[in-house]
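Here are my notes on this two-chain model, as numbered points. Have the coordinates open while you read.

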Amino acid sequence: MSTPVQSRSSKASGPPKAGHGGLPSVYAKLIMAVTGAVFAIFVLVHMIGNLKIYQGEEAFNSYAHWLRVAFYPVLPYEGLLWIMRVVLLACLVAHVYCAVLLRRRGAVARGRWRRRGLGLDVFAARTMMVTGVVLLLFIVFHILDLTLGAAPAGPDEFQAATHEVSHAYANLVASFGRWPVALFYIVAMACLALHLAHGVVSAVVDLGVGVRPRVFSALAAGGLLFGLIVALGNITIPVAVLTGVLQ
Amino acid sequence: MKLTIEVWRQENAEAEGRFVTYRVDDAAPEMSLPELLDRLNDQLVSAGEEPIAFDTDCREGICGTCGITVDDVPHGKVPNTPTCRQHLRSYDDGDHLKLEPFRSASFPVIRDLMVDRSALDRVIASGGYVSVDAGTAPDADTRQIPFQVAEAGLDFSACIGCGACVAACPNGASHLFSGALLSHLTALPQGRPERARRARGVVSTTEEEFGPCSVYGECVEVCPAGIPISAISAVNREAARAAVRRRRDD
């Protein structure tokens, strides 16, 4: 190759360099993998907790109440909840920051001609940004709806929890009684399934686990299965409210 | 067989490129893609036009010199096969082919279908080697290496450096290349004394020259050397290991 062509990295000026300045991409990916794993465990536990609604109003409300008074007096009232909130918020900020950083670096490194002709097998991978944004919007709505009960996100009949009793069951039924809310919830859960399907695979690889080709297929299937279990477990709840199973 | 071929024509690195459509009426199923381009170039030269510039060398899939994007897929439609081993028997009479260079900001176009892949060389130069003094060969059994370990090292060393993994990646990442480099050199004892230093160099140059990996897995679909997907995780693993080793070389 006789024509001297400058490398992207040696250009004094020009487009911003993919890997220069700021957090190295390797660490950004490790941060995304660890914070993503925290979210994956959280949504699984959250889903299992949600399923307690099928044990009846009393059981569900007492579970909601327990979350507030858990480990009292070692932890103050709502201590566990606040620890979870702070950790999850920190993870969320780090996850979103790294996602934006990596997406930008990827776009710069790829350049003007986008990769075309990608198949459905990478659909989840390609839509990580879209599903991520939907999930972010959903998280905001979900907190306004069922944690704060702030109108118009929350139901009109919202009853805030007190130190003695929680009204989670009634709030949930009132919220999902509004079909647009139930529909948004189902869409968000579909996005969660897709996000987890690729996220699990990506996290395992980014954490440095050398996955052989055959195991990689199994891992991809495992990621999809995990996403579907979490999403479908949750989706049964608005469906049960809309069909009148839960009242 | 008659083929319609859309080819990317670009004068030089600075010029704006464009697709030009040609017809080849006497293509044959047994022709490879470089042979098709040779045929087309004969036509162009006879007509007094500039021939299409493209990289080609061994034409038997071992050198890694050739590499073009065919209908949006690096190397062409047959998976894990270099451009020179892609044949027209995968196409039908009257088909339309779109030939363009490997697409990545890290691979600037030199002319037509030729790109500058020296970014890959810079990754190798930043640590992807073993510094050993040449001397007499050691006795055969002084260091016993299990067959599977040797085979794994050989699997990763099969990379021919064609750059298709970068061109296939929506992020323009070279993790399959860089990971194969790190994996094969750490598989065997000769590469161990410089393991951490190598990882620091290779990973930082990889990040300067290429994009981040998002585990799309597109690279392994096109890799003509069949580098396994386990290579890509070696980049993060070796980087994390090197960070823990602090300033040590091994």
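**Notes on the model**

1. Helices are DSSP runs of H or I with at least four residues, strands are runs of E with at least two, and both are numbered from the N terminus.

2. Before going on, some ground rules. This is a predicted model, where local features need pLDDT of at least 70 and side-chain atom pairs count only at pLDDT 80 or more, while totals for chains, interfaces and linings use all residues. Residues are numbered from 1 along each chain as its sequence is written, with chains lettered from A and ligands numbered from 1 in the order in which they are written.

3. Back to H7(A). 20 of its 28 residues are buried, so the rest of the structure largely encloses it. Buried means 20 or more other C-beta atoms within 10 Å of the residue's own, exposed means 12 or fewer, and partly exposed is in between, with C-beta atoms placed from the backbone.

4. What comes after H7(A)? Gly208(A) follows the helix, and its phi is positive, near 90 degrees. Leu207(A) belongs to the loop between H7 and H8 of chain A. Leu207(A) counts as partly exposed because it has 16 C-beta neighbours inside 10 Å.

5. Chain A as a whole has eight helices and zero strands. Its C-alpha atoms fill a box of roughly 80 × 40 × 35 Å along the principal axes. Buried residues are 32% of its 247. Of the chain A contacts between residues at least 6 apart in sequence, 71% join residues at least 24 apart; a contact here means C-beta atoms, placed from the backbone, within 7 Å.

6. Now the pairing of H1(A) with H3(A). Two packed helices are described by the angle and the distance between their axes. In this pair the axes come within 9 Å and cross at roughly 140 degrees, which makes H1(A) oblique to H3(A). Axes are lines fitted to C-alpha atoms, for helices over the stretch in contact, and angles run from 0 to 180 degrees between N-to-C directions. Under 35 degrees is roughly parallel, over 145 roughly antiparallel, 65 to 115 roughly perpendicular, and the rest oblique.

7. Which residues meet there? From H1(A) they include Ile31(A), Met32(A), Phe39(A) and Phe42(A), and from H3(A) they include Leu88(A), Leu101(A), Leu102(A) and Arg105(A). By class, the contact of H1(A) with H3(A) has 13 nonpolar, four polar and two charged residues. Nonpolar covers Ala, Val, Leu, Ile, Met, Phe, Trp, Tyr, Cys and Pro; charged covers Asp, Glu, Lys and Arg; the others, Gly among them, are polar.

8. Chain B has eight helices and seven strands. Its C-alpha box is roughly 60 × 40 × 35 Å along the principal axes, and 50% of its 250 residues count as buried.

9. Last, the contact between the chains: 40 residues come from chain A and 42 residues from chain B. On the chain A side, the elements giving two or more residues are H1 (25-50), H3 (79-110), H7 (179-206) and H8 (213-242). H3(A) gives the most, with six residues. The chain A side has 19 nonpolar, twelve polar and nine charged residues.

Terms used. Contact = placed C-beta atoms within 7 Å.
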